[in-house]
Amino acid sequence: VPSDYRTKHPIVVSQSETAEDMIVTRDMKGMSLRQRNVALAFVGRFKRSGARTIRILLPAGSHNEAAARRVGTDLVAFMKEERLGRHQIKVSRYHAANHGDAATIRISYTSVDAKVHSKCGQWNEDLVNNKENRNYGNFGCATQNNLAEMIANPEDLVSPRGESEIDAERRDNV
């Protein structure tokens with residue numbers, strides 16, 4: 001068993017996709033209040049994630065294609081109201097002929113996450129019979145998991161940020 005908890009339970013930086021599906025019925029004329037609330041929460045998570053683009057996938061060839069197009073137009077307008085730039089919103093279509101009457105609109109973004117892949121709570125050894133006084137296998141797992149969850153920008157683990165401008169007001173106070 002390696003004695004360093006950073007080797008046993010490394011923090012891994014990887015990409016992950018966050019997605020939300022919106023059900024669209026054939027007779028919808030625009031976004032519903034529920035869909036607006038879902039979109040608002042999703043845009044908030046997107047802004048905090050540091051991702052660059054949101055993808056909106058609209059169904060094509062389904063029974064609700066026209067309604068999905070109307071809801072998609074409202075969704076793009078709503079995102080622009082929430083201060084997302086035109087370059088941040090990518091709209092595309094997917095083939096949905098076999099998806100029934102209510103094919104969904106999927107909104108998604110790809111972001112960078114930090115996680116520990118080892119599972120905590122593994123007590124495979126008797127801690128009393130540790131004659132070498134070495135760290136047990138589960139040592140540091142919870143700490144590494146908590147650290148990975150608390151990191152605001154996982155890209156900081158890969159490379160440092162550039163220097164920012166000096167805060168003149170803070171400098172005067174000091």
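Analyst: We start with a definition. Buried means under 20% relative accessible area, exposed means over 50%, and partly exposed lies in between (1.4 Å probe, protein chains only). This is a predicted model: local features need pLDDT of at least 70, side-chain atom pairs count only at pLDDT 80 or more, and totals for chains, interfaces and linings use all residues. Residues are numbered from 1 along each chain as its sequence is written, and side-chain values use heavy atoms, with hydrogens and water left out.

User: Why is D21 called partly exposed?

Analyst: D21 has a relative accessible area of 37%.

User: What makes R106 and D21 a salt bridge?

Analyst: A salt bridge is a side-chain nitrogen of Lys or Arg within 4 Å of a carboxyl oxygen of Asp or Glu. The closest N and O atoms of R106 and D21 are 2.8 Å apart, so the pair qualifies. R106 lies in strand β4 (residues 104–116) and D21 in strand β1 (residues 11–23), so the pair ties together parts 85 residues apart in sequence. Strands here are DSSP runs of E with at least two residues, while helices are runs of H or I with at least four, all numbered from the N terminus.

User: How many salt bridges does this rule give?

Analyst: The count is six. Among them is R161 with D156, at 2.9 Å from N to O. R161 counts as exposed, because its relative accessibility is 59%. D156, at 34%, is partly exposed.

User: What makes β2 and β3 paired strands?

Analyst: Two strands pair if DSSP finds at least two bridges between them. Seven bridges join β2 (residues 54–60) to β3, so they pair; the two run parallel. In β3, H95 is the bridge partner of A60.

User: Why do β1 and β3 count as edges of the sheet?

Analyst: Four strands form an open sheet of mixed pairing, in the order β1-β4-β2-β3. β1 and β3 (89–95) each have a single partner strand, so one side of each is left without a neighbour in the sheet.

User: Which strands does helix α2 touch?

Analyst: Helix α2 (residues 33–49) packs on the sheet and touches β1, β2 and β4. Contact means heavy atoms within 4.5 Å. The direction of α2 makes about 165° with that of β1. Axes are lines fitted to C-alpha atoms, for helices over the stretch in contact, and angles run from 0 to 180 degrees between N-to-C directions. Helix α4 (residues 141–150) packs on the sheet too, touching β1 and β4.
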